[in-house]
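Colleague: Hi! Could you walk me through this model?
Modeller: Happy to, let's look at it together.

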Amino acid sequence: MTTTTIDPAEVAKFEAMAAEWWNPNGKFKPLHMLNPCRLDYITRQIAAEFDRDLTAPAPFKGLRLLDIGCGGGLLSEPMARLGAEVVGADAAPRNIPVAQIHAEQEGLQIDYRHTTAEDMAAAGEQFDVVLNMEVVEHVADPLAYLTACQHLLKPGGLMICSTLNRNPKSYLMAIIGAEYVMRWLPKGTHEWSKFITPDELYDLIRRAGLDPVDRTGFVFDKLRWSWSLSERDLSVNYVTASVKPVN
């Protein structure tokens, strides 16, 4: 039997929100707002690592990509449109039919599965790219989870991992602001104690057997009401890129 880092209480929270995934003004409004910024970072990192021209048709053709914690498919669908062979995995079973139906409506071929990183790694699955976005702060054992992600990568493969920093500002913005003031997320969506600092995440990534190559902040501009990338400001939301050594 495969061990798992899945936290049942965390899965239940997201399962309860499954039908809301594609409503841009619903419970996942923050992700819809953040998605263009996430996609900008993801596509540029993949293009740089695999020498792809983003202006070409289907630039990610030939790349096998795993979107862990895929939810309703907000990242899986654009990756499929860019030509990647996409597997979307989620531990919350009710998310999968939502994602499948939406992909079918969009005419996209995406392999959605109710499974975990650990089970896929145990089955010997391997990918060129693993998208690991806003998941690591919800698992029971971050190191074991990231180690499973490392096993899922082919040598030379790329993992993109985003999460939330742990400091007073992130508590104010992500917990008080997003859950209580703006009510963007249901109360209790995040546990501040599970947030991970950039240095801690880099250490975990290295211990899992990957080489970190970049970290960048996602910064919310309250005046423009939009997100942007920042090389300096990693104080709340941030994203990392790491590669699996070839040898």
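Modeller: Let's start with β5 and strand β8 (residues 237–243), which pair in the antiparallel sense over 7 bridges. Two strands pair if DSSP finds at least two bridges between them, and helices (H or I, at least four residues) and strands (E, at least two) are DSSP runs, numbered from the N terminus.

Colleague: Which residue in β8 is the bridge partner of Ile160?
Modeller: Ile160 has Ala241 as its bridge partner in β8.

Colleague: Before we go on, what kind of model is this?
Modeller: This is a predicted model, where local features need pLDDT of at least 70, side-chain atom pairs count only at pLDDT 80 or more, and totals for chains, interfaces and linings use all residues. Residues are numbered from 1 along each chain as its sequence is written, and side-chain values use heavy atoms, with hydrogens and water left out.

Colleague: Thanks! How many residues of strand β5 are buried?
Modeller: Strand β5 (residues 153–164) is mostly covered, with 9 of its 12 residues buried. Buried means under 20% relative accessible area, exposed means over 50%, and partly exposed is in between (1.4 Å probe, protein chains only).

Colleague: And how does β4 run relative to β5, parallel or antiparallel?
Modeller: Strand β4 (residues 127–133) and β5 run parallel, joined by 6 bridges. Phe127 stands opposite Leu153 in β5. The chain goes from β4 through α6 to β5, and this β-α-β crossover is right-handed. That term applies if, with the strands pointing away from the viewer, the path from the first strand over the helix to the second runs clockwise.

Colleague: Let's look at α6 itself. What is Gln150 in contact with?
Modeller: Gln150 is found in helix α6 (residues 142–152). Leaving aside neighbours within four places in sequence, Gln150 is in contact (heavy atoms within 4.5 Å) with Ala208, Gly209, Leu210 and Lys244. A polar atom of the Gln150 side chain also lies 3.2 Å from the backbone oxygen of Ala208.

Colleague: Why does Gln150 count as buried?
Modeller: Gln150 counts as buried because its relative accessible area is 12%, which is under the 20% limit.

Colleague: New topic: helix α2. Why do its length and its end-to-end distance agree?
Modeller: At 1.5 Å a residue, the 22 residues of helix α2 (residues 29–50) should span 32 Å, and the end C-alpha atoms are 31 Å apart, so the two agree. The expected span is 1.5 Å times one less than the number of residues.

Colleague: Where is the kink in α2?
Modeller: A kink of about 45° lies at Asn35, shortly before the proline Pro36. The bend at a residue is the angle between axes fitted to the seven residues ending there and the seven starting there.

Colleague: Last one! What about Asp51 and Glu134, buried or exposed?
Modeller: Asp51, in the loop between α2 and β1 (64–68), is exposed because its relative accessible area is 72%. Glu134, in the loop between β4 and α6, counts as buried at 17% relative accessibility. Asp51 has a positive phi of about 55° although it is not a glycine, and phi of Glu134 is near 55°, a positive value in a residue other than glycine.

Terms used: Polar contact = N/O pair within 3.5 Å; in protein donor to acceptor, adjacent residues only side chain to side chain.
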